[in-house]
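Please look through the structure shown here before reading on, and keep it in view while you read. The report is meant to be followed residue by residue.

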Amino acid sequence: MTALFGLLTAFTWASMNIPLQRNARRMDQRVMLFWILLFGTGLVIAAALAVDGLAGPFGWRSLLVPALAGVCG
C-alpha cells in the first residue's frame, strides 16, 4: 500500500508540475504563490473534512491546523 501511494504521489506531482512551470514563467511570483496557497489550503481542508468531518458545534476549530498546514506546508 505504501509503494502504491508513493507511486501515485510521484505521478500526480509530475503531471501537475509541468503545467505549473509554464504558468509560473508567465505569471508574477506573488500571484502564483497566492494561487498555490489558496488551492493547497482548500484541498487540505476538504481532505480533513472528508476524513474526520466536523465534530460537534465547535468542530470548525479543528480546521485551524489543516488550514495552517495548507498555508505553511
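Predicted model: local features only at pLDDT ≥ 70, side-chain atom pairs only at ≥ 80, totals over all residues.

**Overall make-up**

The protein contains three helices and zero strands, and from the N terminus on its elements run in the order α-α-α. Of the 73 residues in the protein, 11% are buried. The protein exposes about 6200 Å², and 74% of this area is supplied by carbon and sulfur atoms.

**Two helices in detail**

Helix α1 covers residues 2–26, and its 25 residues reach 36 Å from the first C-alpha to the last, which is close to the 36 Å expected at 1.5 Å a residue. Even so, α1 bends by about 30° at Asn17, and a proline, Pro19, follows within four residues of that point. Leu20 is also found in helix α1, and because its relative accessible area is 34%, which lies between the limits of 20% for buried and 50% for exposed, Leu20 counts as partly exposed. The C-alpha atom of Leu20 is separated by 9.7 Å from that of Ile36, a residue 16 places away along the chain.

Helix α2 takes in residues 29–51, and at 1.5 Å a residue its 23 residues should span 33 Å, which agrees with the 33 Å between its end C-alpha atoms. Within α2, the residues Met32, Thr41 and Ala48 are buried.

**Aromatic rings**

How many aromatic pairs does a search of the whole structure find? The search finds two. In one of them, the rings of Phe34 and Trp35 have centres 5.6 Å apart and planes at 70°, and because an angle over 60° counts as edge-to-face, this pair is edge-to-face. Trp35 also pairs with Phe39, and here the rings are stacked, with 5.7 Å from centre to centre and 25° between the planes.

Trp35 and Phe39 both lie in helix α2, four residues apart, a separation of about one turn of the helix. An α-helix has 3.6 residues a turn, so residues three or four places apart point the same way.

Met27 is placed in the loop between α1 and α2.

**A salt bridge**

A search of the whole structure finds one salt bridge, in which the side chains of Arg30 and Asp28 meet at 3.1 Å, N to O. Side chains of opposite charge can pair when their charged atoms come close.

| Residue | Relative accessible area | Class |
|---|---|---|
| Leu20 | 34% | partly exposed |
| Met27 | 32% | partly exposed |
| Trp35 | 38% | partly exposed |

Definitions and conventions. Residues numbered from 1 in each chain as written. Heavy atoms only, no water. Expected span 1.5 Å × (residues − 1). Buried < 20%, exposed > 50% of the residue type's maximum accessible area, 1.4 Å probe, protein only. Areas by Shrake-Rupley, 256 points an atom, 1.4 Å probe, with all protein chains shown as cover. Phe/Tyr/Trp six-rings, centres within 6.5 Å; stacked < 30°, edge-to-face > 60°. Bend = angle between axes of the 7 residues up to and from the residue. Salt bridge = Lys/Arg side-chain N within 4 Å of Asp/Glu carboxyl O.
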